[in-house]
Amino acid sequence: MKILGLIIALSTGVLLIYATGDFPGWADPASPASLHLSPHFIEKTMEETSVPNIVTAVLADYRGYDTMYETAVIFTAGLACFILLRIFVREEPGDRLYRHLLTGVTVRVKEGAKLPPSEDFERIDATWTPPDLIIKTICRFLIPFIQLFALYVIAHGHHSPGGGFQGGVILGASIILLAISQDLRTSVRRMREKLDAVLCAVGVIIYAGTGALCLLLGLNFLDYSALASVLHCDPVTARSHGILIVEIGVGIAVMCTMIWIYNNVSSTGKYDEGL
Amino acid sequence: MGDLIQIVVAKYNYWIYITLMMIGLYAMIVKNNLVKKIVGMNIFQTAIILFYVSTGAKRGATIPILEHGHGEHGAGAHMVHAVDYINPLPHVLMLTAIVVSVATLGVALALAIRIYNRHNTLEEDEILAQIREK
Amino acid sequence: MIWQLDLAILTLVVIAGIGAITVKDLLGAAILFGAYSFMMCLLWSIMGAVDVSFTEASVGAGVSTVFFVAAVFRTTRRTKD
């Protein structure tokens, strides 16, 4: 098996290297990839959409169909993880571990036995480590600033590198940081599972809904200049605002999918103990 | 001989990208462990994205964010030359590819965890032996 | 597009890629994959693809590595090959 794999990889590699004989040189300004469609994008973006970041304009406006289906793909992946792994257990099973707060004694409560009173005892995971004050405090301070930066990245996608995807991933990473530094149960209490799943679908609906609104107002699907009548501005600015609205939809969908996949993978579907 | 040096200098980047792709392909075919196969899949995906983005590079051009781009459109706009900016189209396509790759990674890891829960191992030959015994 | 920097980072990328599939510890493979992802992000910054580089830094070197570590933690850490 190893020799067969090596032969396959080597022969494919040799074929591809032979094919690079026809390529234009690396970083050549006159290569065919840069001659046909991209001069139109580079020269006309400012006067057609008034968005300086060409990549955001092409992603959300000129190629809006691709991005809409990509958002649907992300939502489907989160849904697939949920369907594969999630186990809904009605009552709490098995042994549980409680720790007395004042003395540090750990108590194992077997199945069906009486629970200890909850003011003096806290529930701990089977893989509990002593709480690190520095990590907990610093993460608690950092998370609002991370979220603020993520919102800045989404809103500033028109003028600087960024946009919906990057901001959405950073927002999701802030909630994952909460789950890692403290506890999965803390993070689930902050961002409940039902809200997470519904927001994920709402993100996709915002994107498709903007396209449908443009269709209802008389122009093509996802042609944002139709929003000029709703927003009371000229068509070029309406395209810029349309790009912002769909980027917000993409950001919401990506954030919720990242949190959803992390919750399901790190607790194997049971939502009781995390990393 | 000078001709060969010329070819190597112009194309060595493409050869290194193809080497990376083949490392990923080799890992997907040969490795027994499921997580190593998933790592190989991701190496393959990122190497292909690297290859695509490199077709947009241009010598002596700047990043694809227009300068003088604050609040002017229509009359009074500065003249923009396409040769000053690198090609933005591969970047757009590859943004989609990166996010799709992380979605695929999530589903692949969920599948690996389910397989581990059922067979108690992640090695492919042991899983096949267990399936044949049943 | 300084070619010396380009060549050095490409060499590091290949070494991290070979390391990620050869190490016998799955947690080490996950962390090496995170390093590989981050080197890719640097390569794209050098080529001028800033949006792609931002996305890869947040997605590949951030969330992707966390997913891997969570999955390795829930299954097993040792492997025979």
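**Chain A, its fold and its contacts**

Modeller: Among the contacts in chain A between residues at least 6 apart in sequence, 63% join residues at least 24 apart. Please keep in mind throughout that this is a predicted model. Chain A holds 10 helices and 3 strands, and their order, read from the N terminus, is α-α-α-α-β-β-β-α-α-α-α-α-α. The radius of gyration of chain A is 25 Å, which is well over the 19 Å that the globule rule gives for 275 residues, so chain A is more spread out than a compact globule. The C-alpha trace of chain A spans about 75 × 65 × 35 Å along its principal axes, and 38% of the 275 residues of the chain count as buried.

Within the chain, one helix pair can be followed residue by residue. The axes of H3(A) and H10(A) come within 9 Å and cross at roughly 85 degrees; with angles of 65 to 115 degrees counted as roughly perpendicular, H3(A) and H10(A) are therefore roughly perpendicular to each other. On the H3(A) side the contact is made by A:Thr56, A:Ala57, A:Ala60 and A:Asp61, which meet A:Arg239, A:Ile243, A:Val246 and A:Glu247 of H10(A). Sorted by class, this contact of H3(A) with H10(A) has 4 nonpolar, 1 polar and 3 charged residues.

The contact between chain A and chain B takes 51 residues from chain A and 47 residues from chain B. On the side of chain A that touches chain B, at least two residues each are supplied by helix H1 (2–19), helix H2 (38–49), helix H3 (54–62), helix H4 (64–85) and helix H10 (235–266) of chain A, so that H3(A) and H10(A), the pair described above, are both among the contributors. H4(A) gives the most to this side, with 10 residues, and the residues of the side of chain A that touches chain B divide into 32 nonpolar, 13 polar and 6 charged.

Chain A also meets chain C, in a contact that takes 19 residues from chain A and 15 residues from chain C. The residues on the side of chain C that touches chain A divide into 10 nonpolar, 3 polar and 2 charged.

How values were computed. Residues are numbered from 1 along each chain as its sequence is written. Chains are lettered from A and ligands numbered from 1 in the order in which they are written. This is a predicted model: local features need pLDDT of at least 70, side-chain atom pairs count only at pLDDT 80 or more; totals for chains, interfaces and linings use all residues. Two residues are in contact if their C-beta atoms, placed from the backbone, lie within 7 Å. Ala, Val, Leu, Ile, Met, Phe, Trp, Tyr, Cys and Pro count as nonpolar, Asp, Glu, Lys and Arg as charged, and the others, Gly among them, as polar. Helices (H or I, at least four residues) and strands (E, at least two) are DSSP runs, numbered from the N terminus. Axes are lines fitted to C-alpha atoms, for helices over the stretch in contact, and angles run from 0 to 180 degrees between N-to-C directions. Angles under 35 degrees count as roughly parallel, over 145 as roughly antiparallel, 65 to 115 as roughly perpendicular and the rest as oblique. The radius of gyration is taken over C-alpha atoms; the globule rule is 2.2 Å times the number of residues to the power 0.38. A residue is buried if 20 or more other C-beta atoms lie within 10 Å of its own, exposed if 12 or fewer, and partly exposed in between; C-beta atoms are placed from the backbone.
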